[in-house]
Amino acid sequence: MRFTGRVGSSGLTPTDGWTTCSLGHRHWGRAGAAGLLVHRYGAGGPELLLQHRALWSHHGGTWGTPGGALHLGESPEQGALREVEEELGLPASALVLGARSVDDHGGWAYTTVLARPAGELDPARLRLDGESTGVAWVPLAGLHQVTLHPGLAGSLDRLRPLLADTPAA
Ligand SMILES: [Zn+2]
């Protein structure tokens with residue numbers, strides 16, 4: 001999610017801006033937002049690819065999924081893949097998309113798109129933009145040891161069953 005970006009050559013897109021959902025929250029992204037939850041099977045169970053958000057950003061210092069506001073006409077999958085490439089330098093070709101989970105607030109929704117790495121994915125080789133200060137595989141069983149972005153923390157119960165499906169052969 002970016003609040004100061006997209007003021008370059010293309011300018012702000014029509015969907016950039018704050019909106020209020022039917023639950024009374026203020027959200028960035030008038031067409032909703034999406035994030036990509038990349039997961040894999042580690043020795044101790046599922047692991048999530050999380051980024052440590054830069055201190056200046058919204059909910060800075062927390063760990064969350066790459067993501068942000070959808071552009072006009074974009075599907076959640078397209079938006080999530082665009083954001084993960086912008087924020088982590090991870091191209092769509094390195095990922096296999098899976099299920100999606102929608103957190104619908106009424107008038108605004110956040111879609112989490114699940115994905116698995118298509119091959120070896122070493123966080124140390126990713127190219128971070130200024131929005132995150134680190135990226136790592138975090139074991140699902142160890143999530144309590146890091147400060148999670150509140151959006152991710154609030155979605156975990158819904159996402160957890162989607163992580164427990166059959167490992168890829
Ligand atoms: Zn809301």
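Biologist: Which residues is Leu-49 in contact with, leaving aside its neighbours within four places in sequence?
Modeller: Keep in mind that this is a predicted model. In it, Leu-49 touches Val-38, Pro-66, Leu-88, Leu-90, Leu-121, Pro-123, Leu-126, Val-135, Ala-136 and Trp-137.

Biologist: And what about the largest nonpolar core, how many residues has it?
Modeller: That core has 17 residues. Leu-49 is one of those with the most contacts inside it, along with Leu-36, Leu-90 and Leu-95.

Biologist: Which elements supply at least two residues each of this core?
Modeller: Strand E3 (33–42), helix H1 (76–88), E8 and strand E9 (132–139) each do. The most comes from H1, which gives 4 residues.

Biologist: What lies apart from that core?
Modeller: There is another core, of 13 residues. Leu-37, Leu-50, Val-138 and Leu-143 are among them. As a general point, nonpolar side chains in soluble globular proteins tend to be buried together.

Biologist: Let's look at E8. Is E8 mostly covered or mostly open?
Modeller: Mostly covered, as 7 of the 9 residues in E8 are buried.

Biologist: In which sense does E8 pair with E3, parallel or antiparallel?
Modeller: E3 and E8 run parallel, and they pair over 6 bridges. You can find Ala-33 opposite Tyr-110 in E8.

Biologist: And in which sense do E7 and E8 pair?
Modeller: Antiparallel there, over 8 bridges. To see one place, look at Leu-97, whose bridge partner in E8 is Ala-115. E7 and E8 form a hairpin with 4 residues between them. Gly-106, in the turn, has a positive phi of about 85°.

Biologist: New topic: the metal. Which residues are the protein donors of the zinc ion?
Modeller: They are Cys-21 through SG, His-25 through ND1, His-27 through NE2 and His-105 through ND1. These atoms lie 1.9 to 2.2 Å from the zinc ion.

Biologist: What is the geometry of that site?
Modeller: The zinc site is tetrahedral, with angles of 101 to 130° among its 4 donor atoms. For reference, the ideal angle for four tetrahedral donors is 109.5 degrees.

Biologist: How are the donor residues spaced in sequence?
Modeller: The spacing is C-x3-H-x1-H-x77-H. His-27 sits in strand E2 (residues 26–28), while His-105 is in the loop between strand E7 (95–104) and strand E8 (109–117), so this pair ties together parts 78 residues apart in sequence.

Biologist: Are His-27 and His-105 buried or exposed?
Modeller: Both His-27 and His-105 are buried.

Biologist: I also spotted His-71. Where is its place?
Modeller: His-71 is in the loop between strand E6 (67–69) and H1. This residue counts as buried because its relative accessible area is 17%, and the cut-off for buried is under 20%. The C-alpha atom of His-71 is 7.0 Å from that of Ala-31, although the two are 40 residues apart along the chain.

Biologist: Zooming out, how many helices and strands has the chain?
Modeller: The chain has 2 helices and 9 strands. Along the sequence they follow the pattern β-β-β-β-β-β-α-β-β-β-α. Of the 169 residues in the chain, 48% are buried.

Biologist: Last one: what is the mean pLDDT of the chain?
Modeller: The mean is 88, and 89% of the residues reach 70 or more. Do watch residues 4–10, though, where pLDDT stays under 50.

Definitions and conventions:
Residues numbered from 1 in each chain as written. Predicted model: local features only at pLDDT ≥ 70, side-chain atom pairs only at ≥ 80, totals over all residues. Heavy atoms only, no water. Donors = N, O, S within 2.8 Å, 3.2 Å for Na, K, Ca; no water. Tetrahedral: all angles 85-135°; square planar, octahedral: opposite > 155°, others 65-115°. Buried < 20%, exposed > 50% of the residue type's maximum accessible area, 1.4 Å probe, protein only. Core = buried A, V, L, I, M, F, W, Y, C linked by side-chain atoms within 4.5 Å. Contact = heavy atoms within 4.5 Å. Pairing = 2+ DSSP bridges. pLDDT = per-residue confidence, 0-100.
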